Amino acid sequence: MFVNHILYFYLVLGLKMKRNVIISTLWFFLACFCMAFALYQNRNISNAVHTFQLNQLLQEDYENEAVKFTISPRKNDDGSNASWDYFSIETDIDGVECKEPYVGTIYELTIENNSFDVVSEWGFSLEMGEDVFFNDGWCGTFTIHQDINGANRFYPLTSGITTAKLGDLDYVATSSCILVPLYTGDFFEYLPSEEAREMPVDAANRKTKEPAVKIIGFILYIKDKPIDYVANFSGGKVWYKLYRPLTDEHIFRGSVLLFASWLVYLLILGVSHAKTKKLLRQRERDKMIIEDSMNICINFIEAKDPNTQGHSLRVAQYSKLLAHRIGLSAQDVDDIYYIGLLHDCGKISIPLQILAKNGKLTDEEYEIMKSHSVKGYRMLKEFRTLPNIGLGAYCHHERYDGKGYPQGLQGEDIPLIGRIIAVADAFDAMNSRRCYRDRLSKEVILQELENNKGKQFDPHILEAFLELLNQGQIEW
């Protein structure tokens, strides 16, 4: 659906430039790819379970881990273990009453998050390497696993142990506390408490690099040991999951930047397109004003000489086709059309008796007729919208062999517009009825054009014009 909206947006903008379409499309899909990769990577980070065995907690390479776990007795202010000296426990096991000395110690498991990711979940399990009594723990849930006569008994315990919470577990109730025996190979698991804010564990402080720390504790009693004795844990593991906000992913931020820059790019294209459309509308309006002005001027000329009605328009059309044929730019083609429209504007200053004379002009009359090119140039030279518009009036009677007027320019010294209009003007003159003769036949016209190749006409321009005739692009 989103892709459809994008395609619709392209259509609304009217983006016809392939380069812009290709760039914006590749830009969009690159942003989508980066976003998808960021989501995939973030999901992998959140779903990954990091696990370490107990023996890894004591290895040096573990010190470099982003999330560090340690297990040790709690320390007093003087650095000694938080232990109870030779605590005497009254027990009644297998019907035998006895009093034996035990030492009780508080153990702490510390989780230290040095990473800039949040520890979303974590837990650990601890296997006993000797017989102990589990007394209490805080603040999450301890699940005790006892292997008694091959039967695995387990039950979750929370802080504040009572006999009602022990389920099927073996336990010993003394006058001062409740003890759960864990024999060699037995173990317990721990899941932190969200309510006690043991989970999640915040990320390390980005400014100070200080880690976030959570500590949980439990109490064990061990028979006949010195006060500084540390329990033997034969096995166990810790595990955790990380959560990284998408906004912390560099590639996600990069994809957001790509999307933002892509939208800015589209906005720029849209604004540019709107401005271009406005300019094109203005240009079309200017063209209409120019054409209307020129048509009015042509009407004045043709009102004076009805015998040449439509001549200027036809010459302009032929010149436009010819300019396009020889490969000029679209702007030059348009300009040549306007120049062709006014190529004979100087005739408005020629006396009517000369313009409408049925017979041959005298030498004096011919000189007056020839002056229309210079007079037309003078009339048009101040036309600033089309700087070269006067050249069409001035040069269209120059000949390629240098025998034309008003300057007798030769070959390519004649401006290109003059060489183009010369062919179009001569063709229309021969193909039209005039006051002094009838329209010439096609055969005669073609013969005249061929005979004057390289003389009156630029041979390359004439060849292009003949191709237009042969292909039927110019009707006659």
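Residues are numbered from 1 along each chain as its sequence is written, and side-chain values use heavy atoms, with hydrogens and water left out. In this predicted model, local features need pLDDT of at least 70 and side-chain atom pairs count only at pLDDT 80 or more, whereas totals for chains, interfaces and linings use all residues.

**View 1. Overall dimensions of the protein chain.** The C-alpha atoms fill a box of roughly 155 × 45 × 35 Å along the principal axes.

**View 2. The ring pair of Tyr 107 and Phe 218.** The two ring centres lie 5.8 Å apart with planes at 15 degrees, so the pair is stacked (rings of Phe, Tyr and Trp, the last by its six-membered ring, pair if their centres lie within 6.5 Å; planes under 30 degrees apart count as stacked, over 60 as edge-to-face and the rest as tilted). Because Tyr 107 belongs to strand 4 (residues 96-113) and Phe 218 to strand 12 (residues 212-223), the pair ties together parts that are 111 residues apart in sequence; strands here are DSSP runs (E, at least two residues), numbered from the N terminus.

**View 3. The ring pair of Phe 259 and Trp 262.** These ring centres are 6.4 Å apart and the planes stand at 80 degrees, so the pair is edge-to-face.

**View 4. A cluster of rings.** Ring pairs link residues into a cluster, among them Phe 52, Trp 122, Tyr 190 and Phe 233.

How values were computed. Helices (H or I, at least four residues) and strands (E, at least two) are DSSP runs, numbered from the N terminus.
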